[in-house]
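These are my notebook entries on a structure that I examined entry by entry. I wrote down what I looked up and what I found.

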Amino acid sequence: MILVYKYPMQKIVDYKNNLKIQAEWKLTEAMSQLNSENEKLSKLQSQKNNQYQELFSTFKDKTSISDLQNMSSYILYLNHHIQKQHEGLKNAEMAVTNSKDGLKKQMIDEKVWVNAREKSYTAHMEKTLKKETMELDEIAIRVQR
């Protein structure tokens, strides 16, 4: 006779597993945002470097003051956006750190419940085996009489 063990708090274990999965999704989303912020920063820095090269190349040629001012203004504009992008990057890094901490907490919480289920299953199996052993002993005693 095979008995299927049903853990009475399985729904809690499943709920904790779902929370862990959601925390994994949040971490994935935060890491994706961090990568996006890094790409934006790289693009801005590349634009700034290109603008500096263009500015330096104009020193060889005769360039009007208004063109130089426009290039200089654009470099200042890029510097401002790079500064803002650094802040966005910092926020994205914080989100990743927070998501990692949240995931770690959820993993520990889930593990506690999984361990509780395993202990309950082990206790159930020991009880079942003990009961079966007692029944077999009774049968053996009856057969001997």
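Is threonine 58 buried or exposed? I note before answering that the model is predicted. I found a relative accessibility of 10% for threonine 58. Buried means under 20% relative accessible area, so threonine 58 counts as buried.

**Entry: surroundings of threonine 58**

I then looked up where threonine 58 sits, and found it in helix H1, which covers residues 10-58. A polar atom of its side chain lies 2.4 Å from the backbone oxygen of leucine 55. I next set aside the neighbours within four places in sequence; threonine 58 is then in contact with Thr63, Leu68 and Met71.

**Entry: an annotated span**

I consulted the UniProt record, an unreviewed entry, and it lists residues 27-54 as "coiled-coil region". In the model, this span is 100% helix and 0% strand.

**Entry: salt bridges**

Side chains of opposite charge can pair when their charged atoms come close. How many salt bridges does the structure hold? I found 4 salt bridges, and I examined several of them.

I began with lysine 16 and aspartate 109, which form a salt bridge with their closest N and O atoms 2.7 Å apart. Lysine 16 belongs to helix H1 and aspartate 109 to helix H2, so this pair ties together parts that are 93 residues apart in sequence. Lysine 16 is buried, its relative accessible area being 15%. Aspartate 109 has a relative accessibility of 23% and therefore counts as partly exposed.

I turned to glutamate 37 and lysine 40, whose side chains meet in a salt bridge at 4.0 Å, N to O. Both residues lie in helix H1, 3 residues apart, which is about one turn of the helix. With a relative accessible area of 9%, glutamate 37 is buried. Lysine 40, at 42% relative accessibility, counts as partly exposed.

I also looked up arginine 142, which forms a salt bridge with glutamate 138; the closest N and O atoms are 3.6 Å apart. About one helical turn separates arginine 142 and glutamate 138, because they are 4 residues apart in helix H2. I recorded 60% relative accessibility for arginine 142, which counts as exposed. For glutamate 138 the value is 42%, and this residue counts as partly exposed.

**Entry: a nonpolar patch**

Which residues make the nonpolar surface patch of about 320 Å²? I found Leu136, Ile139 and Val143. I followed up leucine 136, which lies in helix H2, residues 65-144. Its relative accessibility is 57%. Exposed means over 50%, so leucine 136 counts as exposed.

**Entry: the loop between the helices**

Where is aspartate 61 found? I located aspartate 61 in the loop between H1 and H2. At 53% relative accessibility, aspartate 61 counts as exposed.

Conventions
Residues are numbered from 1 along each chain as its sequence is written. This is a predicted model: local features need pLDDT of at least 70, side-chain atom pairs count only at pLDDT 80 or more; totals for chains, interfaces and linings use all residues. Side-chain values use heavy atoms; hydrogens and water are left out. UniProt positions are given in the numbering used here, feature names are shortened, and annotations may be inferred rather than shown by experiment. Helices (H or I, at least four residues) and strands (E, at least two) are DSSP runs, numbered from the N terminus. Buried means under 20% relative accessible area, exposed over 50%, partly exposed in between (1.4 Å probe, protein chains only). A polar contact is a pair of N or O atoms within 3.5 Å; within protein, one must be able to donate a hydrogen and the other to accept it, and residues adjacent in sequence count only if both atoms are side-chain atoms. Contact means heavy atoms within 4.5 Å. Patches are made of residues with over 30% relative accessible area and no salt bridge: like charges are joined within 9 Å, nonpolar side chains (Val, Leu, Ile, Met, Phe, Trp, Tyr) within 5 Å. Accessible areas come from the Shrake-Rupley method with a 1.4 Å probe; for residues, only the protein chains shown count as cover.
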